[in-house]
Amino acid sequence: MLDDITEITPDFDTGDRMRLPRLRIERRAIAWWMLRAFVLWGVLLAALIVAATLWEPARVWLTAPIVAVGVIFLAKLLVEPWWRYTVHRWEITENATYAANGWLVREWRVAPSSRIQTVDAVRGPLEQLLGLSTLRVTTASSYGTVKIRGLDRATAEEAATRLAVVAELSEGDAT
Amino acid sequence: MNGKALQPTPPPSATSEDGEWRTLSARVIWVDLAQSALSLLPGVIAIYLFGIELSLNTLWPFALIAVVGVIGAISDIIRWLFTRYRITDTEIERRTGVLVRRHRSVRRDRIRSVDTQAKLRHRLTGLRVVTIGAGQQTSSGEAAFVLDALTRHDAELLRRLLLREQSAATVHVDAADASTDAPAAEDTTAKRAEQRGDVEVFATLQPWWVVYNMFSIWAYLTAAGLLWGAFWLASTFGVNLFDLATRFVDWDQIGWFGTVVIAIVGGGIIGAIGMGVNFFTSNWRFTLARARVADTTFLRTRRGLFSTREVNRDEARTRGLSIGEPLLWRWMGMADTNVITTGLDLWDTTEPTAILPRGPKSVALDVATRVLGEPCPINTPLPRHPRAALRRRLWWATLLTTVAVGFVAIPVATGAAPIWVLWAAIALWPLALAAAAIAYRALGHAISGDYLVVRSGLLSRTTSALRRDAVSTIAVRQSLLQKRLGLSTVSAMTAAGWSTYEAPDVATSEAVSFAMQAAPGLIDEFLDSRRSLHEI
């Protein structure tokens with residue numbers, strides 16, 4: 001059925017490529033991601049195990065989910081933080097904010113300064129504990145937010161101020 | 001604060017920017033009084049014409065109708081008494097509410113749309129409900145600025161005033177009789193406007209489009225609603241339809257299979273007819289036109305039989321257009337046409353972004369060409385994506401089937417679930433593989449003039465053309481499997497429409513250059529410099 005399709009072979013030498021953003025994130029972010037894995041997946045795993053112990057008839061249905069959640073928990077605890085630390089990078093220039101994120105799914109995201117609507121430095125409870133901050137740069141698109149996680153608190157605030165000035169300068173209603 | 005708001009009513013037709021506080025049309029009160037009277041009517045008919053016994057059991061539905069109707073009417077009169085609006089040079093303001101006073105003002109230069117709607121009661125009394133849209137309010141989920149209701153004449157004047165149509169307004173006032181709602185008057189104004197050359201009609205309702213709107217799974221819901229309504233109505237008059245059905249038809253003879261067939265076919269027919277009638281009442285006299293006023297153009301749709309709705313979409317806010325083709329009806333070329341624009345709510349059940357009713361693809365393409373201009377980006381030939389994209393989908397289909405089988409395997413093995421559950425899970429596989437192939441064939445992307453064009457989707461294959469200068473954020477995404485297969489997903493984010501438009505599974509070598517073209521100049525400074533030097 002699909003034989004008539006001409007295959008385009010990926011040729012990595014000819015295409016344009018993006019370089020990585022210049023700056024890395026704080027090493028403390030590893031600890032943050034590990035704590036987060038405990039809080040989210042550790043608790044869920046514990047709840048499933050408790051349910052399986054207490055509720056006899058449900059045990060047969062809960063075996064597969066417990067194994068699955070267990071595997072996810074271990075991956076989130078032992079693999080994800082280190083992997084993310086090597087991937088996550090960021091850069092803010094006069095014209096744009098550029099961030100690389102992800103682990104299993106990696107993403108390179110660029111938002112132009114001229115379209116910036118709000119700049120926030122957000123700190124959740126775990127981040128406050130570790131002195132970290134997430135920089136959130138939103139554009140008029142509800143999906144277009146660039147998040148830079150694992151920044152030092154002072155760095156994030158300084159970057160937020162700088163971006164706010166840039167955004168102020170650009171004209172139009174940014175849609 | 002209220003002292004000024006409760007000044008005596010100025011002459012009703014004076015809709016101008018003099019900054020005077022005005023009331024809504026006094027006819028609203030007459031409508032409310034009529035509504036109270038009408039809501040008592042079913043009970044009166046039931047008692048006097050059908051001689052229904054006077055007891056709580058038989059009369060509660062009528063009492064409920066009457067109470068709801070009268071309370072609704074009274075609260076509406078109170079709302080009318082306490083609502084004022086005014087137009088100044090820079091703003092339009094509205095005060096409303098009894099216990100909680102609300103004061104809303106909208107800057108006139110922020111107004112993006114002025115829509116008029118009329119339910120049957122408004123049409124009979126020559127009233128119009130005016131909804132004023134300023135994009136930020138709809139996106140933050142606040143209630144819209146609604147004036148319910150003005151006379152048709154005032155609504156028209158207000159619309160023209162707010163959309164800076166003063167010059168055209170005078171012509172219109174001569175032609176339209178404020179007190180009537182005769183179609184003839186509408187015709188003459190429309191014709192005059194066309195003669196002046198500022199309205200260009202793109203499409204009008206073709207009755208055979210009803211075919212595209214009769215067959216869908218919703219037909220059964222419609223049928224269920226209709227049948228339940230008939231059953232309920234008959235039972236309040238002491239007739240049990242279910243008994244009648246069992247008395248005249250021998251269901252034992254037909255058997256359960258026959259019963260199911262009758263239910264499916266009969267329900268389908270009733271539902272399809274119901275949907276067809278609904279299509280005509282809501283799209284009666286549908287027209288899509290481009291109205292040109294001074295330096296602004298609007299895409300204007302008008303439709304409706306009992307309740308009419310007119311939507312004006314500022315073309316300066318339009319960022320593109322998308323055509324969706326539902327999977328089950330692709331063979332008959334069914335298409336949904338929507339504009340990609342800022343300031344209109346996609347979740348609105350009245351679908352303000354739809355510029356055509358569901359209809360044939362040829363009409364949709366024709367309209368797309370006239371809206372976006374020649375050459376139409378939607379028509380751009382889109383080359384197939386790499387075969388690896390098909391492999392990725394096949395892997396995912398297989399993985400999902402495996403997960404489903406894995407989930408039921410232990411319960412089936414221990415006898416907690418019957419064996420057919422396992423077979424059902426396995427039977428998912430061929431279905432998932434077929435879906436993977438269909439989804440793969442839907443993929444496409446291209447750059448066409450000022451637009452980027454992307455196509456994808458399994459259940460609704462959607463082709464979207466988005467203006468390149470409207471792209472704000474651009475993202476290139478790659479999962480582990482995509483990396484192995486040499487694929488990347490490019491997303492263009494924008495303030496309009498669905499906010500993100502994706503080209504899934506582009507060849508990695510091509511992804512960055514597509515992203516570069518999709519958002520001109522944005523990512524140039526982040527390109528691999530070694531590559532650029534090499535090029536020089």
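This is a predicted model: local features need pLDDT of at least 70, side-chain atom pairs count only at pLDDT 80 or more; totals for chains, interfaces and linings use all residues.
For the model as a whole, the scores are ipTM 0.84 and pTM 0.74. Chain A has an average pLDDT of 84, and 87% of its residues score at least 70. Chain B averages a pLDDT of 80, with 84% of its residues scoring at least 70. In chain B, residues 136-141 have a pLDDT below 50, and this stretch has 5 contacts beyond near neighbours in sequence. Residues 165-191 of chain B also stay under 50, and the model has 34 contacts for them beyond four places in sequence. Read the details of these stretches with care.

Now back to the opening question. Rolling a probe the size of a water molecule over the atoms shows where empty space is left. Among the residues that line the largest cavity are B:Asn312, B:Arg313 and B:Asp314. The lining also includes B:Arg112 and B:Ser113, together with B:Arg317 and B:Thr341, B:Thr342, B:Gly343 and B:Leu344. What kinds of residues make up the lining of the largest cavity? They divide into 1 nonpolar, 5 polar and 4 charged.

Next, look at where the two chains meet. Here 52 residues of chain B are in contact with 45 residues of chain A. The size of an interface is often given as the accessible area lost when the parts come together. Between them, chain B and chain A bury about 4300 Å², and 62% of that is on carbon and sulfur atoms. On the chain B side, B:Arg387, B:Ser509 and B:Phe526 lose the most area to chain A, together accounting for 16% of what that side buries.

What about charged pairs? Side chains of opposite charge can pair when their charged atoms come close. How many salt bridges are there between chain B and chain A? The count is 0, while the structure holds 29 salt bridges over all chains. In one salt bridge, the side chains of A:Asp152 and A:Arg28 meet at 2.7 Å, N to O. A:Asp152 lies in strand E7 (residues 146-152) of chain A and A:Arg28 in helix H1 (residues 28-54) of chain A, so this pair ties together parts that are 124 residues apart in sequence.

Finally, follow the backbone of chain B to a few spots worth a look. The peptide bond from B:Asp148 to B:Ala149 is cis, with omega near 0°, and B:Ala149 sits in strand E7 (residues 145-151) of chain B. B:Glu374 and B:Pro375 are also joined by a cis peptide bond, with omega about -10°. You will find B:Pro375 in the loop between helix H13 (361-372) and helix H14 (387-413) of chain B. B:Arg285 is not a glycine, yet it has a positive phi of about 55°. Look for B:Arg285 in the loop between helix H12 (251-283) and strand E9 (287-293) of chain B.

Key: Residues are numbered from 1 along each chain as its sequence is written. Chains are lettered from A and ligands numbered from 1 in the order in which they are written. Side-chain values use heavy atoms; hydrogens and water are left out. On a 1 Å grid over the protein atoms alone, a cavity is a set of points where a 1.4 Å probe fits but cannot get out, and a pocket is an open set with protein on both sides within 12 Å along at least five of seven lines; lining residues have an atom within 4 Å of a point. Ala, Val, Leu, Ile, Met, Phe, Trp, Tyr, Cys and Pro count as nonpolar, Asp, Glu, Lys and Arg as charged, and the others, Gly among them, as polar. pLDDT is the predictor's confidence in each residue, from 0 to 100. Contact means heavy atoms within 4.5 Å. Buried area is the accessible area (1.4 Å probe) that two parts lose on being put together, summed over both. A salt bridge is a side-chain nitrogen of Lys or Arg within 4 Å of a carboxyl oxygen of Asp or Glu. Helices (H or I, at least four residues) and strands (E, at least two) are DSSP runs, numbered from the N terminus.
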